[in-house]
Amino acid sequence: MIVLKTSSEIEQMKEACKIAAGALKAAGEAVEPGVSSAYIDKIARDYIVKHGAKPTFLGYNGYPAASCVSINDTVIHGIPSKSQIIKAGDIVSIDVGATFKGYVGDNAATFAAGEISPEAQRLCDTTRESLYEGIKMAVAGGRLGDIGSTIQRYCEERGFSVVREYTGHGVGKVMHEDPSVPNYGTPGRGVRLLPGMTIAIEPMINQGGAGIRQLPDGWTVKTRDGKLSAHFEHTIAISSNGPVILTMI
């Protein structure tokens, strides 16, 4: 069931989203060669707690950390570890959520550890840009397929692949609400977009093929061919005046 929020509820969501965005920014600024993924997670967790919120991911279905830190060929759900040291040239995707006064904010971005290869930079730029192209289509009266097809076309025209098994989602009082928000699709198809809908749009884009594999830990998802993957995400609200990015700071 899709839950439509009132304007006052969306204002409350903005508070959670602002904290999530601040945590992502702080964690991203900490990305550099020589630091561990556990250190990145600590930065995000400390920021969330300092601002009176709870790390949404921590304990979610048993997940052991406050954020997902996914390096290079890890698509999503990378578990932070003290032994996992970021190296120069790595790309590091950080996904973090905050729960504040009963509402969730969820966002992600991919950061460079020092100087990265031109192809890695192009992947990150394309994934980020595809997110904003998709957001432009998140207008009242449109369809979910307008968002997904726009992201898909933008990335595939540039030689990249769209992960199919994981999607964006509705977000509100819980992290995953209806509807699912695929990063692929057909224009004019899918759920009608209505004012009051709040969704997380999050393209996960691979340098090589779209295939993925899950590690035995039950969380970590990697590209099947070992090539790079990037991930960007915003929580947005559908309004009669166009999309509102709630996790923008």
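I started with contacts, meaning heavy atoms within 4.5 Å. Residues 24 or more positions apart account for 70% of the protein's contacts with a separation of 6 or more.

I noted the ground rules next. This is a predicted model, where local features need pLDDT of at least 70 and side-chain atom pairs count only at pLDDT 80 or more, while totals for chains, interfaces and linings use all residues. Residues are numbered from 1 along each chain as its sequence is written, and side-chain values use heavy atoms, with hydrogens and water left out.

**Overall form**

I looked up the secondary structure and found 4 helices and 15 strands. These are DSSP runs numbered from the N terminus: helices are H or I with at least four residues, strands are E with at least two.

I then checked the radius of gyration, taken over C-alpha atoms; the globule rule is 2.2 Å times the number of residues to the power 0.38. The radius is 17 Å, close to the 18 Å that the rule gives for 249 residues, so the protein is as compact as a globular protein of that length. Along the principal axes, the C-alpha atoms fill a box of roughly 45 × 45 × 30 Å.

I turned to burial. Buried means under 20% relative accessible area, exposed over 50%, and partly exposed in between (1.4 Å probe, protein chains only). Buried residues make up 53% of the 249 residues.

**Aromatic rings**

I searched for ring pairs. Rings of Phe, Tyr and Trp (its six-membered ring) pair if their centres lie within 6.5 Å; planes under 30 degrees apart are stacked, over 60 edge-to-face, the rest tilted. I got 1 aromatic pair. The ring centres of Y63 and W219 are 5.0 Å apart and the planes stand at 75°, so this pair is edge-to-face. Y63 lies in the loop between β1 (54-55) and β2 (67-71), and W219 in the loop between β11 (212-214) and β12 (221-223), so the pair ties together parts 156 residues apart in sequence. Y63 is buried, at 3% relative accessibility.

I also looked for charges over rings (NZ of Lys or CZ of Arg within 6 Å of the ring centre and within 35 degrees of the ring normal). R158 has its charged end over the ring of Y154, 3.6 Å from the centre. R164 lies over the face of Y184, 4.8 Å from the ring centre.

**Cysteines**

I looked for disulfides, pairs of cysteine sulfur atoms within 2.5 Å. I found 0 disulfides. For C68, the nearest cysteine sulfur belongs to C17, 17 Å away. C68 is buried at 5% relative accessibility. The sulfur of C155 is 12 Å from the closest cysteine sulfur, in C124, too far for a bond. C155 is buried too, at 0%.
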